[in-house]
Amino acid sequence: MSSAAPPDEGFWLFGYGSLIWNPSVPHVERLPARLPGFSRRFWQGSHDHRGLPHAPGRVVTLIEDADSVCTGMAFRVPAHAAVDVLHALDHREKNGYSRQRHGLVADSGEHLDALVYIAEPGNFAWLGPAPVEEVARQIATSVGPSGSNRDYLQQLAQALRNLGTHDEHVFELEAMLQQFVER
Ligand code: SIN
């Protein structure tokens, strides 16, 4: 990891959560890509998008894990949009995420240096691990200004299927959520 100062030219952005299916940023290219050394986990609280301050939802962050590889989507943001995009992303990811810079491997084999928004353990909105049933129940019942937490999980699972990737943590939660919905 190195610090991620605002670039004065275009940059690559790696999305591994809502940024995969809803980047909402102008980009001139997008490539399925992998970030080695990280696992995606629903361990970050969402008080501003998929939950509320008194009833936070759960969204994904990345956890360092040497044996793991996280699949997502890389977007190339052009230079003319870079500053505005960073402001917009900093606002969108303000609930505990910080910018980092990591090396990706695109499916094409290309190596990319990318910005990644990661919520580190111990940040003010951190929830951390919990039993899968508890996490699924929290997701099933949380709603915020950006919509239901259930929608976030289902959209993420579908986006990962579209990428042809299997994420055990996400798919287990999706299956568990389905049980709550059917009850
Ligand atoms: C991301 O998608 O890359 C960050 C987490 C999120 O906004 O869902």
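Axes are lines fitted to C-alpha atoms, for helices over the stretch in contact, and angles run from 0 to 180 degrees between N-to-C directions. Helices (H or I, at least four residues) and strands (E, at least two) are DSSP runs, numbered from the N terminus. This is a predicted model: local features need pLDDT of at least 70, side-chain atom pairs count only at pLDDT 80 or more, and totals for chains, interfaces and linings use all residues. Residues are numbered from 1 along each chain as its sequence is written, and side-chain values use heavy atoms, leaving out hydrogens and water.

**View 1. Helices α3 and α4 pack together.** Helix α3 spans residues 132-141. Its axis lies 5 Å from that of α4, at an angle of about 115°. That makes the two helices roughly perpendicular (65 to 115 degrees; under 35 is roughly parallel, over 145 roughly antiparallel, the rest oblique). Contact means heavy atoms within 4.5 Å. Here Gln138, Ile139 and Ala140 of α3 meet Asn149, Arg150 and Leu153 of α4.

**View 2. Five strands close into a barrel.** The order is β1-β3-β2-β4-β5, with mixed pairing. From one strand to the next, the twist averages 45°. Two strands pair if DSSP finds at least two bridges between them. Strands β2 (residues 29-46) and β3 (residues 57-77) are antiparallel partners over 15 bridges. Gly45 has Arg58 in β3 as its bridge partner. Helix α4 (residues 149-162) lies across β2 and β3, at about 75° to β3.

**View 3. Helix α2 has a buried side.** Buried means under 20% relative accessible area, exposed over 50%, and partly exposed in between (1.4 Å probe, protein chains only). In α2 (residues 82-92), Ala82, Val85, Leu86, Leu89 and Arg92 are buried. Seen down the helix axis, they fall within an arc of 130°, so they line one face of α2. The arc is that of the directions from the helix axis to the C-beta atoms. An α-helix has 3.6 residues a turn, so residues three or four places apart point the same way. Turned away from the buried side of α2 are the exposed residues Asp84, His87 and His91. The cover over the buried residues includes β1, α1, β3, β4 and β5.

**View 4. Thr61 sits in strand β3.** Thr61 counts as buried because its relative accessibility is 0%. Its side chain reaches the backbone oxygen of Ala119 at 2.8 Å. Beyond its neighbours within four places in sequence, Thr61 is in contact with several residues, including Tyr16, Ser39, Trp43, Tyr97 and Trp126.

Conventions. A polar contact is a pair of N or O atoms within 3.5 Å; within protein, one must be able to donate a hydrogen and the other to accept it, and residues adjacent in sequence count only if both atoms are side-chain atoms.
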